[in-house]
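Hello,

Please look it over, then read the notes below.

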Amino acid sequence: MRRSALILVALLAFAAPTSAQEVGLHILASVASADRPAADRERDALRKPAEVLAFAGVREGWRVGEYMPGAGYFTRILARAVGPGGHVLAYQPAEIVRMRPAFLAEIEAAAAEPGMGQVSVVSAATRDFAAPEPLDLVFTVQNYHDLYGPFAAEGTGAAFDRAVFAALKPGGVYLVVDHHAAGATGLSGAGQQHRIERQAAVDAITAAGFVLDGESDLLANPDDPLTASVFDPSVRGRTSQFMLRFRKPG
């Protein structure tokens, strides 16, 4: 049996807490792809990409906008999950690229890898987020707090949420995963701690017209005190995270 097939069998067996049937073979196969870098695969146990994509409802043929894709960890999986009939728009905000130009080079390099032909990379202002065709999904992981951090001008968060609403099809999904902040802290942890209170995110996104369609504690970690910076060695890579699925009415 080929190595990729063995990995797929293993994923089918250990897709808990979401069953393999709920995840879907197209997602399991994308996670099991032998073309993914070893460093990415080593992160899967903590990041649970198959379950995250299943929660978002990712289907073959979907058009996906990924905001702030980093070096392409989820981009690689999304590209294979949507298949050759789908498309992934990797949107690297110009504000972040100005601070660290390598961010753009990294995602461009990922988009040039085998199996990534359905990925296009765009770098423009966060407020100008848009897509050439209506999207089925806008996807952002561990980045929503940055809309309220030091790189973002006043009003960036609200402007981005409105832009996402405009870019999605009626019924389209907006998937947000981010680091929990301690209760009643609102947006105050966005800059130094890189965290945001769950309710603050819900309030901001529903104000743009979205409906909260579901949430999951899949990435929760009760051992995270919710007060340290996400880059602190005591919690880095193991923060407690919320996962929220919003839907554009229609």
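**Confidence**

This is a predicted model. The chain has an average pLDDT of 92, and 92% of the residues score at least 70. Residues 1-21 need separate handling in your reading: pLDDT stays under 50 there. For that stretch the model has 24 contacts beyond four places in sequence.

**Largest pocket**

The volume of the largest pocket is about 1,300 Å³. Its lining is made up of 45 residues. Nearest the pocket centre lie Arg43, Gln142, Asn143, His179 and Phe231. Several elements each supply at least two lining residues. Among them are the helices α5 (44-47), α7 (73-82), α8 (94-99) and α9 (102-111).

**Aromatic rings**

There are eleven aromatic pairs in the structure. Take Tyr73 and Phe74: the ring centres are 5.0 Å apart and the planes stand at 90 degrees, so this pair counts as edge-to-face. Both Tyr73 and Phe74 are buried. Tyr73 also has a charge over its ring: the charged end of Arg47 sits 4.6 Å from the ring centre.

Ring pairs also build a cluster. Its members are Tyr67, Tyr91, Phe129, Phe160, Phe165, Tyr174, Phe210 and Phe246. Which charged residue sits over the ring of Phe165? That is Lys248, with its charged end 4.9 Å from the centre of the ring.

Best regards

Terms used. Residues are numbered from 1 along each chain as its sequence is written. This is a predicted model: local features need pLDDT of at least 70, side-chain atom pairs count only at pLDDT 80 or more; totals for chains, interfaces and linings use all residues. Side-chain values use heavy atoms; hydrogens and water are left out. Rings of Phe, Tyr and Trp (its six-membered ring) pair if their centres lie within 6.5 Å; planes under 30 degrees apart count as stacked, over 60 as edge-to-face and the rest as tilted. Buried means under 20% relative accessible area, exposed over 50%, partly exposed in between (1.4 Å probe, protein chains only). A charge sits over a ring if NZ of Lys or CZ of Arg is within 6 Å of the ring centre and within 35 degrees of the ring normal. pLDDT is the predictor's confidence in each residue, from 0 to 100. Contact means heavy atoms within 4.5 Å. On a 1 Å grid over the protein atoms alone, a cavity is a set of points where a 1.4 Å probe fits but cannot get out, and a pocket is an open set with protein on both sides within 12 Å along at least five of seven lines; lining residues have an atom within 4 Å of a point. Grid points are joined across faces, edges and corners, and a volume is the space filled by probe spheres set on the points. Helices (H or I, at least four residues) and strands (E, at least two) are DSSP runs, numbered from the N terminus.
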